[in-house]
Amino acid sequence: VQIELNELRRLIHTVAPEVEETMTYGMPTFVLGKNFVHFAAYKHHIGFYPSPRPIIAFKKKLAKYTTSKGAIQFSINEPLPFDLIKEILIWRKQDMAK
């Protein structure tokens, strides 16, 4: 899991190299003026928190994952869907710039 979390961190920096890192709610948090994304590892999943708007925008692509208002759960028993996460990150960054 740690390897995937490190890859996720690198992906976030690739999509948004200007992000600042901090800790919020006990989770790694990436800030672009305001919260960009958070993530955290749990016993059975990796929580990815891009805010509610991307979850609505990617509803069809996220159908196989557990989601809530601002969270996506990726099972630790499957590889992270980095292509999908990258799409979400790009969308989130563009949405924040509006």
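How do strand β2 and strand β3 pair, and over how many bridges? I found that β2 (residues 27-32) and β3 (residues 34-41) pair in the antiparallel sense over 4 bridges. Within that pairing, Phe30 has Val37 in β3 as its bridge partner.

Some housekeeping: this is a predicted model, where local features need pLDDT of at least 70, side-chain atom pairs count only at pLDDT 80 or more, and totals for chains, interfaces and linings use all residues. Residues are numbered from 1 along each chain as its sequence is written, and side-chain values use heavy atoms, with hydrogens and water left out.

Next, the whole sheet. I noted an open sheet of 6 strands in the order β1-β2-β3-β4-β6-β5, with antiparallel pairing. (Pairing takes at least two DSSP bridges between two strands; strands are DSSP E runs of at least two residues, helices H or I runs of at least four, numbered from the N terminus.) β1 (20-24) and β5 (66-67) stand at the edges with a single partner strand each, so one side of each has no neighbour in the sheet.

Then I turned to helix α1. Its 14 residues reach 20 Å from first C-alpha to last, close to the 20 Å expected at 1.5 Å a residue (that is, 1.5 Å times one less than the number of residues). Glu4, Leu5, Leu8, Leu11, Ile12 and Val15 are buried, meaning under 20% relative accessible area with a 1.4 Å probe, protein chains only; exposed is over 50%, partly exposed in between. Seen down the axis of α1, the buried residues fall within an arc of 115 degrees (from directions of axis to C-beta atoms), so they line one face of the helix. On the other side, Gln2, Ile3 and Thr14 are exposed.
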